[in-house]
Amino acid sequence: MHLLKTQLLPLIESAMEGLGLDPSLAEKMLQPAREPDQGDLSLPCFPFAKTLGIAPAAIAENIKEAVPNHPSIGEVTAVNGYLNILAEPSWLAEQLLGGALEDGAGSAKRSVLIEHTSANPNGPFHVGRARNAILGDTLVRLHRLWGNDVTAEYYVDDMGKQVAVLAWALEHLSGDEVERLLAGREPVNPLWAGKADHERVRWYQAAQLLRKNSEDAANIEAAITKLVHASEHGDTSVLTAFEEAYQPVLDGMLETLGRLGIHFDRFTKESLFVTNGDVGRLMESLGNLEINGSADNGAQYLDLGARGLKGKTEFFYRRGDGSSLYATRDIAYHIWKWQQSNELINVLGEDHKLQAQQVGLTLEELGHKRPEVMFYSFIKLPEGKMSTRRGNVVFMDDLLEEAKAQAAAVVTELRPEYDQETIANIAEAVGRSAVRFNIINVSPEKGFTFRWQDALNFESGSAPFIMYSHTRACSIRKNVQEVDSSLLNGSVDTSSIGDIPEGMVALLRTLAVHNDRLEKVVREHRPHLFAEYLLHLANAYNSFYRDCHIIENGSVNQLYFALSELARNVLKNGMEGLGIVPLETM
RNA sequence: GGGCGUGUAGCACAGCUGGAUAAUGCACCGGCCUCCUAAGCCGGAGAUCGCGGGUUCGAAUCCUGCCACGCCCGCCA
């Protein structure tokens, strides 16, 4: 609790100094207590035992005696060698209602470029791809909540083999041929008929079959390879054909992402760096590096073993025919990104770890910084790995539709008086929020198994749980407005706060650590910790709601109401930070 | 084979820059709607923190060996 720590630190430091301890240790050792009932801040005194030759418990006791009274301190206790400090609740209330959270929010705005999703535009968005998008977008939102200036960017792979296959298929196969080839597979869900990502992926899949099984496979492969190479040399007619093939697919994917609340500020095409000459110039400078090497056919690589890379140390950036590779273009892209922003974050699947290492080392070799990377582990289904080929896949469109349907069923049961349109609006928001929260709630590096049951959980520990607390606060606001609308903007006198109920203390203490948590989450790229925080805050609000009746016998308790409003705001902003929709009624 | 990551109650998951009784949700048991939205609240039970060593006043956390799982080790993207 930084709010308390700034008050407390000088007091603890002088107390320690008086006892013959190094006061500079306090800054680091005064830490948040682990359990709430241990206090807000805690100082373990064990390390001091050696220097003083006194038992830790006695040291804690001595420091306790030496700490003077202060308005911020509620209670100081010495327990088992720990010095525990509890903030004074009325002081917390005064600080928080006086705007301490705004004052303490990220003052130094940074410019951050976050690249995420960047999925190949060759088919519908599925749940496996969703972890990147949801993680990335949440990071974008949380950085903005902290006050940073963020650009959310999608790197469009507009020249690889996948796009080439799609373009080839659309040019050479008729709809009938495609359906004949895919006869054994599940047809397009009628709900998504006409949505280009669902439609065109059929062409892609048919082409994949032909590449493997048809008599013509060799010719087809040659044709596709020719397209790939033409694109890599910047052939504009080929690149244009590619774009006509993938753009409608990408638009379909973006429509799905939009339904999840995910939007981008900029789309940057991979081909840009080929056509503008950046890649060519890059390969030239790489060729001049000390660690450059050449293969027999003229292909070139860097020996990154000399820079500490283990395993396979040769990093090829140029083919024998002189063309570039994906990673080469990625380096050119990063050099360009460093011109746009002074802080870069990439969201990448764990399969990209080696390449990220290669790109990072190469960037450093060229005198650039390496970007920060948030890696995540893949989502699989209970049946195993997700695979479009084997039909073992869950499309995001289907998941969102199902989530909405289930949410609508819950609303219909709980609020029979709502009309159809209201129910649909609530259900859409609840569905999207639940889906996002289910994924954001677990730490990225951990494996994730998608289960319908979890994604569609609307109870404690879910997005709807948080949403529900927020609607309570909104509902209270409406009720207060009916009692006396002048109270909505009124200030509250915090100078003489009397007894504070338990539920309110918990809420105050939770609110007080908001900025600490957000700062950490943004610094360490760990959105799931903020999800955990919001859950905790919603829970605290519910307890407050139980203990502190804001409107009783027709009169409004202004202190309670002011705190409810503060919590409502923090909840609302936090929900937006996670991409959860802050509904006012549900 | 090598590199990186993960392993915590029946299930899922937090804590991992060392600190106190390992947090939370689901499921399970028991209470709470004439009272601001019960998608809620309160209480209970449930954990050899993968296994073995080591460092430390103190280890889920750091080091090391082993086991299981995931990802990577293309002149693919």
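Domain bounds here come from an automatic or database domain assignment. Before you click: this is a predicted model, where local features need pLDDT of at least 70, side-chain atom pairs count only at pLDDT 80 or more, and totals for chains, interfaces and linings use all residues. Residues are numbered from 1 along each chain as its sequence is written, chains are lettered from A and ligands numbered from 1 in the order in which they are written, and side-chain values use heavy atoms, with hydrogens and water left out.

Start by colouring chain A by domain: domain 1 is 2-87 and domain 2 is 111-380. Their centres, taken over C-alpha atoms, sit 53 Å apart.

Next, select strand 2, residues 41-44 (strands are DSSP E runs of at least two residues, helices H or I runs of at least four, numbered from the N terminus). Leu 41 and Leu 43 on one side, and Ser 42 and Pro 44 on the other, are all buried (under 20% relative accessible area, 1.4 Å probe, protein chains only).

Now show the partners of strand 2 (pairing takes at least two DSSP bridges). Strand 1, residues 31-32, runs antiparallel to it with 2 bridges, and Gln 31 stands opposite Ser 42. Strand 4, residues 82-87, is also antiparallel to strand 2, joined by 4 bridges; there, Tyr 82 faces Pro 44.

Finally, jump to helix 18, residues 420-440. Zoom in on its start: a side-chain oxygen of Asp 419 comes within 3.0 Å of the backbone nitrogen of Glu 421.

Key. The expected span of a helix is 1.5 Å times one less than its number of residues. A polar contact is a pair of N or O atoms within 3.5 Å; within protein, one must be able to donate a hydrogen and the other to accept it, and residues adjacent in sequence count only if both atoms are side-chain atoms. Buried means under 20% relative accessible area, exposed over 50%, partly exposed in between (1.4 Å probe, protein chains only).
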